[in-house]
Amino acid sequence: MKSRQTEVSIPLQPPERGGTPAAGPHGHPPDYVLWSLFNVLMGYGLAYMGCCCFPALIYSIKARDCKVLGDLEGARRHGARAKVLNIIFSALIVVGVVAVIAITIIVITQQTT
């Protein structure tokens, strides 16, 4: 009996470069889940503002869900909202960390003098 060989095809390009026709010319919209999760964790850890960062995480997860379901317009809308909220909360976290450092320095210098 003759053994039959099958051809195996291995894609050489990453999935994001190939793109499906439904993805459109710009591909899949970003969902910013990692940035949102980073903001939540850093908000809790450094500036105690993690609860303020949850709306960005929720919109990021909504954007990812819409992307998985094929609703690219909804994914773009939720992704844009998550991006704006992430920018705002990143700035607030930086301001909060700088304020905590400044207050700590002021308190320490007043105690030593």
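This note sets out numbered points on the predicted model shown above.

1. Basis of the note. The model is predicted, so local features need pLDDT of at least 70 and side-chain atom pairs count only at pLDDT 80 or more, whereas totals for chains, interfaces and linings use all residues. Residues are numbered from 1 along each chain as its sequence is written, and side-chain values use heavy atoms, with hydrogens and water left out.

2. Overall architecture. The protein has four helices and zero strands, and its pattern along the sequence reads α-α-α-α. Helices (H or I, at least four residues) and strands (E, at least two) are DSSP runs, numbered from the N terminus. Contacts (heavy atoms within 4.5 Å) with a sequence separation of 6 or more are made, for 67%, by residues 24 or more positions apart.

3. Burial and surface. Of the 113 residues of the protein, 24% count as buried. Buried means under 20% relative accessible area, exposed over 50%, and partly exposed in between (1.4 Å probe, protein chains only). The protein exposes about 8,700 Å², of which carbon and sulfur atoms supply 67%. Accessible areas come from the Shrake-Rupley method with a 1.4 Å probe; for residues, only the protein chains shown count as cover.

4. Salt bridges at Asp31. The structure holds two salt bridges, a salt bridge being a side-chain nitrogen of Lys or Arg within 4 Å of a carboxyl oxygen of Asp or Glu. Asp31 forms one with Arg64, with the closest N and O atoms 2.6 Å apart. Because Asp31 lies in the loop between helix H1 (15–18) and H2 while Arg64 lies in helix H3, this pair ties together parts that are 33 residues apart in sequence. Asp31 also forms a salt bridge with Lys67, where the closest N and O atoms are 3.5 Å apart. Lys67 is likewise in helix H3, so its pairing with the loop residue Asp31 ties together parts 36 residues apart in sequence. Through shared partners, the salt bridges join Asp31, Arg64 and Lys67 into one network.

5. Asp31 is buried, with a relative accessible area of 8%. Arg64, by contrast, is partly exposed at 39%, and Lys67 also counts as partly exposed, at 23% relative accessibility.

6. The surroundings of Ser60. Ser60 is found in helix H3 (residues 54–69) and is buried, with a relative accessible area of 0%. A polar atom of its side chain lies 3.2 Å from the backbone oxygen of Asp31. The side chain of Ser60 also reaches the backbone oxygen of Tyr32 at 3.2 Å. Leaving aside residues up to four places away in sequence, Ser60 touches Asp31, Tyr32, Val33, Ser36, Ala82 and Asn86.

7. Aromatic pairs. A search of the whole structure finds two aromatic pairs. Rings of Phe, Tyr and Trp (its six-membered ring) pair if their centres lie within 6.5 Å; planes under 30 degrees apart count as stacked, over 60 as edge-to-face and the rest as tilted. Tyr32 and Trp35 form an edge-to-face pair, 5.9 Å centre to centre with 70° between the planes. Trp35 is partly exposed at 29% relative accessibility. Tyr44 and Phe54 also form an edge-to-face pair, 6.3 Å centre to centre with 65° between the planes. This pair links distant parts of the chain, with Tyr44 in helix H2 and Phe54 in helix H3, 10 residues apart.

8. A nonpolar surface patch. Tyr44, Phe54 and Ile58 form a nonpolar patch on the surface, with about 290 Å² of accessible area together. Patches are made of residues with over 30% relative accessible area and no salt bridge: like charges are joined within 9 Å, and nonpolar side chains (Val, Leu, Ile, Met, Phe, Trp, Tyr) within 5 Å. Tyr44, in helix H2 (residues 33–47), is partly exposed with a relative accessible area of 43%. Phe54 counts as partly exposed at 33% relative accessibility.

9. Leu46 and Val97. Leu46 has its place in helix H2 and is partly exposed, with a relative accessible area of 44%. Leu46 and Val97 are 51 residues apart in sequence, and their C-alpha atoms are 6.4 Å apart in space.

Definitions and conventions:
Polar contact = N/O pair within 3.5 Å; in protein donor to acceptor, adjacent residues only side chain to side chain.
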